[in-house]
Structures are given as C-alpha cells and as structure tokens.
Amino acid sequence: MCRENFGADFHHVHRADLHAILCKDIAADHVRFNTVCTGVTQDAQSATAHFDDGSTFQADIIVGADGIHSAVRDSLWGADQASFTGHMCWRALVPVEQHPLPFVSPDASFWFGPKAHIVTYYVKGGAAVNIVAVNESADWVAESWTEPSTREELMAAYDGWHQNIIDLLQRTDPDQTFKWGLFDRDPMKQWAKGRATLLGDAAHPMLPFLSQGAAMALEDAFVLAEMIAHFPADHEAALKCYEAERLARTARVQLEARERGRTYHLSTPEEQRARDEALRKQQAENPNAVGIKAEWVYEYDATRCKERIGTMETVE
Ligand SMILES: Cc1cc2nc3c(=O)[nH]c(=O)nc-3n(C[C@H](O)[C@H](O)[C@H](O)COP(=O)(O)OP(=O)(O)OC[C@H]3O[C@@H](n4cnc5c(N)ncnc54)[C@H](O)[C@@H]3O)c2cc1C
C-alpha cells in the first residue's frame, strides 16, 4: 500500500540495525568516539569545532547533529533548555521468534486511551515486537535511553487496557524495561550561521508521536548532501538552500507531533467517540488511508529537492 500510495516501502527498523546500516560505509579513521564537542567558532575561511579534551577540528562546513541538547546549537544561537512535555514513555522489546504473538498486527498499531497511548510494531525482520508506551505525567523523568523501570510499573500504568495489550506487556523482560521523559523545543526561525548548521534533533527535536524524528534526520542528511554537491564552491548557498528545503517541513512535523499528544490522549467519552468515528469514516472511505491521517508526512520526496532550488525562499 505504501509503495502504491507514496512510491516507497515502509520499514520498521531497530535503532541498532539502522546504526549498522549507516556505519558500514564509514571508514573507521573518519570517526572519533568519546570526545565531547563544546562549541563551534568560524571566520571567513573555515569553521572550527572545539572539544572538551582541548582538541579542535577545522572544516569548510560544520554540521551539529548532536541531538536534543546540542552544544553546537547552543554555541550558534545561545543556551536554551529543552522543555519537558508532560509525557513519559516506556520502551520494551518482546522477542517473538520462539513464541509468536498472533494478536499483534504486522502493521504498526496505535492503541489510544485516556492520557496515554501505546504503539507496537515488529523489528529485526519480525523477530521482536517493539513497544512504545506513552503516559502523561506531571513528574519530570530523567531524559535517557536507559532509565531503569520494572514490568510491574509498566503494567500498573495500563491496568484495565485491552487484553491483547496486557498479554503483550506481560511478556516484556522485567530486566529490560526502560522509561524516559519526553522533551521537545519550539521550531527555530533559522538553523545556519555562516559555515555552521544543525541537523536532526539538534535542529528540530520533536515528540515521537508521528514516529518521525529519525526519519527527519535522514531526510535532512540527504538534502544537505545534495545541496553541498550542487553548490561545491558556495558553502553558504548550500546551507541556505538546505534550510529553505527543510525548516518549514520539520517545523510542521514538530508542531503536529505535539498536537497528536492531545488527540491521541483525549479523556472524555464524547471526544473519544468523535475521534474514533472520524478515523472509522476515513477507513471506510479509503481502506488504504494512513490510519493516523499522516499522508502529508509520507508524500514529501526528498530526492526531488534539487528541482525546488529555483523557487526556494532563503533567509538572508
Ligand atoms: C520513545 C521514542 C520513540 C521514537 N520513535 C521513533 C520512530 O519510530 N521513528 C523515528 O523516525 N524517530 C523516532 N524517535 C526519534 C529519534 O530517536 C530521534 O529523532 C533521532 O534519534 C534523532 O537523531 P539525531 O542523530 O539527530 O540525534 P541522536 O540520536 O540524539 O544522536 C545525537 C548523537 O550526538 C552525540 N552527542 C550529543 N552531544 C554531543 C556533544 N556535545 N559532542 C559530541 N557528541 C555529542 C550523542 O551521543 C549521540 O550519539 C523516537 C524517539 C523516542 C524518544
């Protein structure tokens, strides 16, 4: 259905598998680990990244792809804290090779409840089900991939939900259940300064409710590479066109992801009925429609970005 509707397939990928795919063509001596970037400076000839061990790296262009707490962003635009969105989240993987779960749909599934939702999808070629379980919470939870939680805490949060969800949560590994707080930032008006720019969560951190954060980072990377190739001798033009192509789209995804936090979590029966009825109607009218009404996300084609260069509005 995705190929027919949008010209490409839809893949669910485990983070480690995606990293392996992305890393396989990178020469080992092009990467330095365990060195923290503290900021970027620049002059008319080059940009320089500074690291906490005192070392520096000089380049024509520097791209800060250093995540939601980006030091590059801070050094370009001033320090500014990401804000806690009032949502926290559990993450767990359930292996299914030995014990298949016939009640888990092969498609990504969204389960909505009051002030909470759960998304399930298969990863690792169908060998495991990934669970992302989101709950509203006034309490701040440390932002980390590995804040430990327990199966009991996870199950208590979804007490009374559909039996399929209970059965799935019961199969999570009690020692491998993690939780973290969800943070985001408002869209920026501008990313680049001179020879330095931002990419991915450093530029546009978002709630994961449209499942698009990493997808946006990949689109950014593709478009940036295209623009640098198109303007090999004019780095600032490349960065301006990259930003013109990407900023409005990613800002829309950031804001829409926030809005999904509201519509997924409606609490009153009247609101829930109206939402569910609208989704049912859409499905009846078009069985191939995207369940969460996100066609506009998938219709974008990054590979055609160069065709838009002549009509882009760049920020001076
Ligand atoms: C619960 C949850 C579910 C999600 N689900 C999806 C999904 O289904 N689909 C999707 O597309 N996205 C999803 N996302 C979003 C996705 O994880 C992020 O958008 C994506 O990881 C952003 O990639 P990035 O490379 O920009 O930043 P990151 O993945 O955060 O990588 C930044 C890197 O920079 C390094 N770094 C940070 N600071 C410094 C520094 N000062 N110096 C040097 N290095 C530094 C970090 O160690 C890290 O390696 C989800 C996110 C969450 C929280």
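**Entry 1: a hairpin**

Before I start, a definition for myself: two strands pair if DSSP finds at least two bridges between them. I also note that I am looking at a predicted model.

With that in hand, I looked up strand E2 (residues 47–51) and strand E3 (residues 56–59). They run antiparallel, and 4 bridges join them. I then asked myself which residue in E3 is the bridge partner of Thr48. I found that Gln58 is that partner. E2 and E3 form a hairpin, and 4 residues lie between the two strands. In the turn I found Gly54, which has a positive phi of about 90°.

**Entry 2: an open sheet**

Next I followed a sheet from one side to the other. A reminder to myself: strands of a sheet pair through backbone hydrogen bonds, either parallel or antiparallel. Here I read 6 strands in the order E6-E7-E8-E5-E10-E9, and their pairing is antiparallel. The sheet is open. Its edge strands are E6 (109–113) and E9 (147–148), and each of these pairs on one side only.

I stayed with E9 for a moment. E9 pairs with E10 in the antiparallel sense, over 2 bridges. For Glu147, I looked up the bridge partner in E10 and found Lys179.

Then I picked out two residues by their side chains. His117 sits in strand E7 (residues 116–123). Is His117 buried or exposed? Its relative accessibility is 2%, so I wrote it down as buried. The side chain of His117 makes a polar contact with the side chain of His265, at 2.8 Å.

Arg260 belongs to helix H7 (residues 235–264). I had to look up its cover too: Arg260 has a relative accessible area of 7%, so it is buried. For both residues I used the cut-off that buried means under 20% relative accessible area. The side chain of Arg260 has a polar contact with the side chain of Glu256, and the distance is 2.8 Å.

I turned to the loops. Asn34 lies in the loop between helix H2 (15–23) and strand E1 (37–42). Its phi is near 55°, a positive value in a residue other than glycine. Asn34 has a relative accessible area of 81%, so I call it exposed.

Ser211 is in the loop between strand E11 (196–198) and H6. Here, too, I read a positive phi in a residue other than glycine, near 55°. Ser211 counts as partly exposed, because its relative accessibility is 46%.

Asp173 is placed in the loop between helix H5 (163–170) and E10. Its relative accessibility is 33%, so Asp173 counts as partly exposed. A polar atom of the Asp173 side chain lies 2.8 Å from the backbone nitrogen of Asp175. I also checked Asp173 against Glu226, which is 53 residues away along the chain. Their C-alpha atoms are separated by 43 Å.

**Entry 3: around the ligand**

I looked at individual atoms next. A polar side-chain atom of Arg15 lies 2.4 Å from an oxygen atom of the ligand. Asp201 brings a backbone N or O atom to 2.8 Å from a ligand oxygen atom. For Asp66, a backbone N or O atom lies 3.5 Å from a nitrogen atom of the ligand. Taken alone, the ligand exposes 1000 Å², and the protein buries 65% of that.

Conventions: Residues are numbered from 1 along each chain as its sequence is written. This is a predicted model: local features need pLDDT of at least 70, side-chain atom pairs count only at pLDDT 80 or more; totals for chains, interfaces and linings use all residues. Side-chain values use heavy atoms; hydrogens and water are left out. A polar contact is a pair of N or O atoms within 3.5 Å; within protein, one must be able to donate a hydrogen and the other to accept it, and residues adjacent in sequence count only if both atoms are side-chain atoms. Accessible areas come from the Shrake-Rupley method with a 1.4 Å probe; for residues, only the protein chains shown count as cover. Buried means under 20% relative accessible area, exposed over 50%, partly exposed in between (1.4 Å probe, protein chains only).
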